[in-house]
Amino acid sequence: MYLPSRKAKRGRLHEKMNGLMSFSDYKKKRNVVSYWVFIVLLIMFSLLAAAPIVWLLVSSFKSVQEINSVNYRFFPNSLDIRPFIELWQNEGLTGIFINTFVVVIFSVISAVIFNSILAYVIAIIKPAGYKVIDKMILLAYMIPSAIAIYPLSIAVTNVFGRGSYLPLFLILGSNAYYYMLFKNYFEKFPKSLIEASRIDGLNNLKVFFKVVLPLARPIIGVVAIFAMTASYSDFLLPYIILGMQDQSTWTLMVAVYSISNRVGASGSSIQLNNVLQLLTLSIIPQIIIFIIFQKQIMNQGVNSGMKE
Amino acid sequence: MYLKRKAKSNEIKAKFKKNFFGWLLILPSLALFVFFVWYPITYNVVLSFFNNANFENFVWFKNYADVFGEPAFQSALRNTFIYIFWSLIIGFLIPLVIGFLLSEIVHARGVFRVLVYLPCMISGIAVVFLFKSMFGPADYDVINVILIRWFGMKEGADWLGDPKYVIPVIVVAMTWRGAGGTALIYLSNFQQIDNSIYEASRLDGVSPSGRFFKLTIPMMKTTILMLLILQIISVFQVFYEPMVMTKGGTNDSISLMLLAYQYAFTKKDARGVLQIPKSAATSVILSIIILGITILYFGLMRFFERREDK
């Protein structure tokens, strides 16, 4: 009898050329069994990775009574989205989401422009003393920035005042990791290309905008995506400089932290189910971004070696 | 003579132009680096030698001595090693295994990769609150429900209140978020292994498991070392997790980074003053540890490279 599906599966294993085990190993039954053990293990890991997210999405539809019920049920009684809308209105989430998107957009611009110019000058123009700058940035890369959060917050509030978004996106313009991504990319440029455009009479700034940047599109995409997730997720600096009192200036992560911490506080109407709703709302944009830029995000996380 | 001089002056001019424009172009970027990175670090280092935040008296290493004498600091230091221990037990092998499995399978590769990487997309703060809700203390919180219904546990545990469990639970949350990204780095390194090496040993009759231990693992040595070091460095920076999960951090789970934050923002001394110089001293100690590990890593890499050259 003809069994198309089974044949297709066998075919795939018996065509496998790469990796530890190839088609000739799969002539042995034992190895085929171990292959399916691999698949089962991966299914297990995927379930472990997805389960908390699924649990969150499902549980955020529960009422407080359901969450605190001794009889645990996985699925909620109803899929009512009214509690979400109520939370959205009560906490002014429209404004908070707008704030967040403003910060994200300008962060991306700042991260791309400042780091790429710096990397261009250090990697291609090489003015006197460029090695010192490079070494100092490398040192900054090795020391995590959150370590100096107190002096940073003092300096920021002295210069920009409280509640300003400017420092939130400017800080991504001084990111050692993005700088290194750009620099490594620019260093691989053929020298003749830069020379030729100089001979054609372009000055340094024009070389940068007309030759280097258009060629650097892939790495700009990478840094943009990194900066997007980093600024969306940033918590500590916004938390310190935006001030706790004025909720209308918050970014989303500050809101997640501050609103969630109100559970059980006197006079607060926030309850456990609201926390889950807020978390759900906060991860939806990230999941959408991931779906859109899936390939770029996963490939680049790999090619560049390390993240953040 | 004249021409020579002119050529020389042109050269100087070109050099001057290059340096001048180079520095002019990077001035804004450098200003940002100075303001956001180098100045705060320097400020902290200098402040750690003074008695208060106004830089009144230079007290040499008194802040360091004080900090080492504090129970909170001793707990933080001890906890760091407990964090590292658990993160090696829980978080080290899982990404390596996932990366290897992803490199070996031919079915539904894309789906597995997306699912495994998905947690990396969620922000740190959200992950912490998510795990805080899952690991709640009541018998009806989901992790306790699973353990009671499926694994026959008698009663639920107070995961975040119990000093025995709080650090492992935090490490589970960190691993859940970080494993996918690390696994993809392993995956790309597994894929870079030259096929002809496997082919040759296959023809020599080496079994798959023999190939794995004699070829794959030795070839992955430097990648494993790099990711191990990165993992340890990230463990030193644990911060949000104890801060959120235990309401500001008890001594059972406090980390050095959180302690540095508390000294500067929440923890007051007997006179009701924030202990900012102590925060600076703690930060400097932490930076030195992290730099030390990084230098050790570069040293080890060089050692490996030299040995391979021979």
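Two residues are in contact if their C-beta atoms, placed from the backbone, lie within 7 Å. The views below show a predicted model.

**View 1. Helix α4 of chain B packs against helix α8 of chain B, with I94(B) and T175(B) among the residues that meet.** Helix α4 of chain B covers residues 93–104, and helix α8 of chain B covers residues 166–191. From α4(B) the contact takes in I94(B), P95(B), L96(B), I98(B), G99(B), F100(B), L102(B) and S103(B). On the side of α8(B) the partners are T175(B), A179(B), T182(B), A183(B), Y186(B), L187(B), F190(B) and Q191(B). Sorted by class, the contact of α4(B) with α8(B) has eleven nonpolar residues, five polar ones and no charged ones.

**View 2. The axes of α4(B) and α8(B) cross at roughly 45°.** Two packed helices are described by the angle between their axes and the distance between the axes. For this pair, the axes come within 7 Å and cross at roughly 45°. α4(B) is therefore oblique to α8(B). The crossing of α4(B) and α8(B) is right-handed.

**View 3. Helix α2 of chain A meets α4(B) across the two chains.** The crossing of α2(A) and α4(B) is left-handed. F38(A), L41(A), L42(A) and F45(A) of α2(A) are in contact with I98(B), L101(B) and E104(B) of α4(B). By class, the contact of α2(A) with α4(B) has six nonpolar residues, no polar ones and one charged residue. I98(B) also takes part in the contact of α4(B) with α8(B).

**View 4. Chain B touches chain A through 77 of its residues.** Within chain B, helix α1 (residues 2–47) gives the most to the side that touches chain A, with 20 residues. The side of chain B that touches chain A divides into 53 nonpolar, 19 polar and five charged residues.

**View 5. Chain A is assigned two domains, domain 1 (4–59) and domain 2 (83–303).** The C-alpha centres of domain 1 of chain A and domain 2 of chain A lie 37 Å apart. Chain A contains 15 helices and zero strands. Its radius of gyration is 26 Å, whereas a compact globule of 308 residues would have one near 19 Å. The C-alpha trace of chain A spans about 75 × 70 × 30 Å along its principal axes.

**View 6. Chain B has 14 helices and zero strands.** In sequence order, chain B follows the pattern α-α-α-α-α-α-α-α-α-α-α-α-α-α. The radius of gyration of chain B is 26 Å, whereas a compact globule of 310 residues would have one near 19 Å. Along its principal axes, the C-alpha trace of chain B spans about 95 × 75 × 35 Å.

Conventions: Residues numbered from 1 in each chain as written. Chains lettered and ligands numbered in written order. Predicted model: local features only at pLDDT ≥ 70, side-chain atom pairs only at ≥ 80, totals over all residues. Domains from an automatic or database assignment. Helix = DSSP H or I, 4+ residues; strand = E, 2+ residues; numbered from the N terminus. Nonpolar A, V, L, I, M, F, W, Y, C, P; charged D, E, K, R; others polar. Axes fitted to C-alpha atoms, helices over the stretch in contact; angles between N-to-C directions. Parallel < 35°, antiparallel > 145°, perpendicular 65-115°, else oblique. Left-handed = near helix turned anticlockwise from the far one by under 90°. Rg over C-alpha atoms; globule rule 2.2 N^0.38 Å.
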